[in-house]
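The following paragraphs lead the reader through the structure shown below.

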Amino acid sequence: MVLLPAFGYLPVLGGNTFHLEAWQDLWARAGLGHSVWLSYASGLITTLVALFIVVLFLAASQGTWIDRTIRRMVSPLLAIPHAAVAFGLAFLIAPSGLLVRWVSPGLTGWERPPDLLIINDPSGLALMAGLILKEVPFLLLMSLAALPQLRPDSRVVLARSLGYAPGIAWLKCVFPALYPLIRLPVYAVIAYATSVVDMALILGPTLPPTLSVSILNWFNDPDLSRRFMASAGAVLQLGVTLAALLSWWIGEQAVKCLSQRWLTNGARSSGSTAIAVGGRALLITVTLLAISALFGLALFSVAGFWRFPDALPGTFTLDHWQRILPSVATPLINTLSVGLTATLIACVLVVATLEHAARHHLAARRVQWLLYLPLIVPQVAFLFGLVVAAESIAIRPQHALVVATHLLFVIPYLYLSLSEAYRRLDPRWGQVALSLGVSPWRAFWQVRLPLLLAPLLTACAVSLAVSIGQYLPTLLLGGGRVPTITTEAVAMASGGNRRLVAVLALLQALLPFIGFSLALLIPRFVWAKRRQMRGAA
Amino acid sequence: MTPNLQTLHIKQLKLTLAGDTLLAMHRDIAPGEVLTVMGPSGSGKSTLLAYLAGFLSPAFQAQGELYLGDKRLDTLPAEHRGIGLLFQDPMLFPHLSVGGNLHFGLPRRARDKNAQVAKALEQIGLAGFETRDPATLSGGQQSRVALMRLLLSRPRAVLLDEPFSKLDTALRQEMRALVFGQLREAGLPTLLVTHDEADAAAAGGPIVVLE
């Protein structure tokens, strides 16, 4: 549906013939090349850096308490929506942001905010930093989920008994087996980073913006004929993402070839200290940046009068919260109703699928690619198609449409987080129940489901977080009539009052956090008298 | 409790995996009799149990028939076969209390459920344990509760999957006596899979050795 208008066919707007005008308009745009390059490069560079940080940390990680603490601090970061991270980072690194304040005037001598373009910088460095902050926890958690089946400890022990230093042992014996297992998540990261909209609106360059943001602008242009160009742009975006994926794939092959010799060259310890120190230091930096970003949001949301180089506000006030709370009631209700409905539907569908597979001993391998599709195809590209499709069959933008679109993104995450727990559940639990004569239905309700309560709630919290974070689907399919906390926050990005933005972004970060806390607390409460269930959770 | 005692007939059974025959068996197990099946890992013992209980993975093919008395079982789903299972682990549901586990075993329309549960607990020396968390019981106590849960479900035949292998030696003797005593008393045809010669001796029935 996005292809037709790209070639001039959109009867609603009087486009009845196929032609290449939209493409000619598109090529004629000033700065198009730069936009394309920004999208392509930020996707590849951020993925490379994030993967590098994660791999180095895993290689350095020895399961000591420091490593475990770092891991525990990283996981909640995944729940913070992209927009909230972007705002937090913006407040941190802006010329009048926290970082500058903390070192001024002591180190810099600045008495006034320096005239520097740090956020929205033309080469997209701020955008890339924001993306990396979100990609690192995602890739780390994906790797941690995949690792146990490789039995990394025994591999490392074996290599160490052959004289390899721990970090090198991990890189040579575990990583080559791990990479194929996290390849799909890596591709999803590339696809996301090349086409991200909300983060790019907040942190990205403006003249010209990234390709995805340009497309959104054309799509929302009052001049409806711009939509032809937007459609052409969406197709181009698909091409850019594919090009990035292809480049990455070529890189993969090259690394595979070139590393063959390194894997077996017998070098046992060169670089192991660098790995041990660097791996931890990089991940700690990322975590601290993210935490400071949230801290900054919190600070700005209650800041009263705040003179420039002061590290802390002179006065604190709840005015911003009081001013904005009445107006966020509707977005808040929308956010929760859409998120909870989507989660509930997804939960029923996914559990039914997994239960069916478990009962019939089905191995669901091929499904995975299909599930990942909405995560790998750039949102901008296919959401426009959806909007055009919905309009052409006269479905008005509304709640249900937003929920349906959120499902596309919620289901994959819910499936991914729950299928592992389902697979790990001892099949004998179900067998014992059946052999005692209860029906499969009762075995499901009374045995399998209670045993899976904790992972099920966590999966629901993940899915709620995913839904809360959705910007583009909510904006496009809701036609602006289903405002959520996320769309409101991003809308205030360009001109808004910084303190009000901080309140909204903080609210946005708070909701998934509440979800995860409930997912953690409910099983503890329900199973207060069941020791083993608490251990399992 | 066991109005009509019946023999378990395993007729012309042949289990194959991708064309290779894993095992062939043709046996009857009389009420109260324990048939012991021994053999090294990979000899198809667990496949045999999965077939009898009704959990055979579709990767395997089975020929032959399974009867209890004159009722054909192999065409029935697991929950309608009336074949009870004891595993290496007690497998007490961790989300239910001890009493809850026993109630789970009782048929839905059983009478005087609480009294039956109390009596079962008394039989194994755990009177008054209804509200306890299974995780707070010792390994031996858990095994005994698992046995009572099995018996309360009124099975018509029983499969034992190395049920004593995880207990320590002293406890093992005691559990063997309890399990085989109870099963014999209930008059249930039983199939025991084990590595341990002493299990087979304690069972006192015929022995089949798989290759």
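**A guided reading of the structure**

A:R151 lies in the loop that runs between α7 and α8 (152–161) of chain A. The model is a predicted one, and in it A:R151 has a positive phi of about 45° although the residue is not a glycine. Most residues other than glycine have a negative phi, and most peptide bonds are trans. A:P208 belongs to the loop between α11 and α12 of chain A.

The next level to consider is the division of chain A into domains. Domain 1 covers residues 33–317 of chain A, and domain 2 covers residues 323–537. Taken over C-alpha atoms, the centres of these two domains of chain A are 24 Å apart. Their contact involves 41 residues from domain 1 of chain A and 36 residues from domain 2 of chain A.

The size of an interface is often given as the accessible area lost when the parts come together. Between domain 1 and domain 2 of chain A, the buried area is about 3,300 Å², and carbon and sulfur atoms give 76% of that area. The count of salt bridges between domain 1 and domain 2 of chain A is zero. One residue pair in polar contact, with both residues at pLDDT 80 or more, is counted between domain 1 of chain A and domain 2 of chain A. Several helices of chain A each supply at least two residues of the side of domain 1 that touches domain 2, among them α5 (82–93), α7 (125–146), α13 (226–264) and α14 (272–301). Sorted by class, that side of domain 1 of chain A has 31 nonpolar, eight polar and two charged residues.

Aromatic side chains come next. A pair of aromatic rings is described by the distance of the centres and the angle of the planes. Over all chains, the count comes to 13 aromatic pairs. A:F219 and A:F384 form a tilted aromatic pair, with 4.1 Å from centre to centre and 35° between the planes. A:F219 lies in helix α12 of chain A and A:F384 in helix α17 (residues 379–392) of chain A, so this pair ties together parts that are 165 residues apart in sequence.

Attention now passes to the two chains together. In the contact between them, 26 residues of chain A meet 29 residues of chain B. The area buried between chain A and chain B is about 2,500 Å², with 65% given by carbon and sulfur atoms. A:R428, A:L436 and A:R530 supply 26% of the area that chain A buries against chain B, which is more than any other three residues.

Five residue pairs in polar contact, both residues being at pLDDT 80 or more, are found across the interface of chain A and chain B. On the side of chain A that touches chain B, the helices α19 (427–435), α20 (440–451) and α25 (531–536) each supply at least two residues. The largest share of this side of chain A, seven residues, comes from α19(A). By class, the side of chain A that touches chain B has 12 nonpolar, eight polar and six charged residues.

Side chains of opposite charge can pair when their charged atoms come close. The structure holds 11 salt bridges over all chains, and one salt bridge is found across the interface of chain A and chain B. There, the side chains of B:D89 and A:R428 meet at 2.8 Å, N to O. This pair runs from B:D89, in the loop between β6 (83–86) and α2 (98–105) of chain B, to A:R428 in helix α19 of chain A.

B:D89 also forms a salt bridge with B:K166, where the closest N and O atoms are 2.9 Å apart. B:K166 is in the loop between β7 (157–161) and α5 (169–186) of chain B, and the pair links distant parts of the chain, 77 residues apart.

Terms used
Residues are numbered from 1 along each chain as its sequence is written. Chains are lettered from A and ligands numbered from 1 in the order in which they are written. This is a predicted model: local features need pLDDT of at least 70, side-chain atom pairs count only at pLDDT 80 or more; totals for chains, interfaces and linings use all residues. Side-chain values use heavy atoms; hydrogens and water are left out. Contact means heavy atoms within 4.5 Å. Buried area is the accessible area (1.4 Å probe) that two parts lose on being put together, summed over both. A salt bridge is a side-chain nitrogen of Lys or Arg within 4 Å of a carboxyl oxygen of Asp or Glu. A polar contact is a pair of N or O atoms within 3.5 Å; within protein, one must be able to donate a hydrogen and the other to accept it, and residues adjacent in sequence count only if both atoms are side-chain atoms. Helices (H or I, at least four residues) and strands (E, at least two) are DSSP runs, numbered from the N terminus. Ala, Val, Leu, Ile, Met, Phe, Trp, Tyr, Cys and Pro count as nonpolar, Asp, Glu, Lys and Arg as charged, and the others, Gly among them, as polar. Domain bounds come from an automatic or database domain assignment. Rings of Phe, Tyr and Trp (its six-membered ring) pair if their centres lie within 6.5 Å; planes under 30 degrees apart count as stacked, over 60 as edge-to-face and the rest as tilted.
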